[in-house]
Amino acid sequence: MKFRYARHALEKLCEQKFTRLCSITYKASSDEKNLKKWEMVQRTTRDLSFEAFKRTPVPISCDSVDICAVLNRHDQKYLILVAQYRAPLDSIVLEFPAGLIDKNETPTQAALRELFEETGYTAVESDIVHVSPAICLDPGLSDTCCCFIRIEVDGTRLDNISPKQHLDEGEDIDVILLPITDAKNILNSINELINEKRTTYGNMILDGRLYSFLEALSHPII
């Protein structure tokens with residue numbers, strides 16, 4: 001980078017229950033006198049005060065988790081996915097199980113809880129094989145960050161034979177198991193699945209993080 005950047009101010013324009021619209025004022029070291037503007041959407045659910053984000057250095061923290069859960073059942077492997085209606089897209093989205101991190105909850109605790117609530121599958125701390133650092137999701141629009149957490153789920157456990165969801169009131173989520181044993185053809189499999197589900201759901205779209213994962217799985221570069 002040619003320049004160093006610093007946030008000068010953060011103004012709250014509008015706030016609702018889960019999000020707020022903010023105006024950022026920042027400057028570059030090449031042009032200290034002229035301040036620049038940017039609009040940002042921010043979650044209100046973080047366990048940090050609004051004041052903490054007003055000036056550089058701004059905290060980078062996870063406010064949600066994405067869960068890559070692999071179900072191992074005998075000699076088969078499946079990705080545990082969810083399908084739910086996303087109002088901004090007016091569409092059913094096929095995606096990883098995910099959710100917000102509650103107050104006083106660690107990312108791994110949130111991942112195990114959300115997996116159980118959204119899909120019914122049970123896992124424990126020792127089943128977690130990877131926890132990412134905070135990763136941004138749409139940095140041109142929002143400062144929201146998540147932890148990507150990989151979990152190996154034992155499909156032979158008694159409580160994972162016929163799992164039952166524990167959804168919050170108002171949630172409407174379908175659980176979909178995607179076979180991944182044949183990794184090279186996984187993109188064909190997901191396209192066939194989406195085309196099949198469209199007869200039931202209507203409009204359906206694949207989450208970008210899930211697509212990136214499946215593409216890397218089907219075409220490893222190493």
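Q: What makes the meeting of the Arg46 and Asp143 side chains a salt bridge?
A: Their N to O distance is 3.1 Å. A salt bridge is a side-chain nitrogen of Lys or Arg within 4 Å of a carboxyl oxygen of Asp or Glu, so this pair qualifies. Bear in mind that this is a predicted model, where local features need pLDDT of at least 70 and side-chain atom pairs count only at pLDDT 80 or more, while totals for chains, interfaces and linings use all residues. Residues are numbered from 1 along each chain as its sequence is written, and side-chain values use heavy atoms, with hydrogens and water left out.

Q: How many salt bridges does the rule find across the interface of domain 1 and domain 2?
A: One.

Q: Where do domain 1 and domain 2 run?
A: Domain 1 covers 5–53 and domain 2 covers 64–218; such bounds come from an automatic or database domain assignment. Their C-alpha centres sit 31 Å apart.

Q: How many residues does each domain bring to the contact?
A: Domain 1 gives 10 residues and domain 2 gives nine, with contact meaning heavy atoms within 4.5 Å.

Q: What is the buried area between domain 1 and domain 2, and which residues of domain 1 supply 52% of its share?
A: About 790 Å² is buried, and carbon and sulfur atoms give 43% of that. Buried area here is the accessible area (1.4 Å probe) that two parts lose on being put together, summed over both. On the domain 1 side, Val41, Arg43 and Arg46 supply that 52%, more than any other three residues.

Q: How many residue pairs are in polar contact between domain 1 and domain 2?
A: Six, both partners being at pLDDT 80 or more. The term means a pair of N or O atoms within 3.5 Å; within protein, one must be able to donate a hydrogen and the other to accept it, and residues adjacent in sequence count only if both atoms are side-chain atoms.

Q: Why is Asp90 called exposed?
A: Its relative accessible area is 51%.

Q: Why does Asn104 get the label exposed?
A: At 69% relative accessible area, Asn104 is exposed too. Its phi is positive as well, about 65°, and Asn104 is not a glycine.

Q: What kind of peptide bond joins Thr56 and Pro57?
A: A cis one, with omega about 0°.

Definitions and conventions. Buried means under 20% relative accessible area, exposed over 50%, partly exposed in between (1.4 Å probe, protein chains only).
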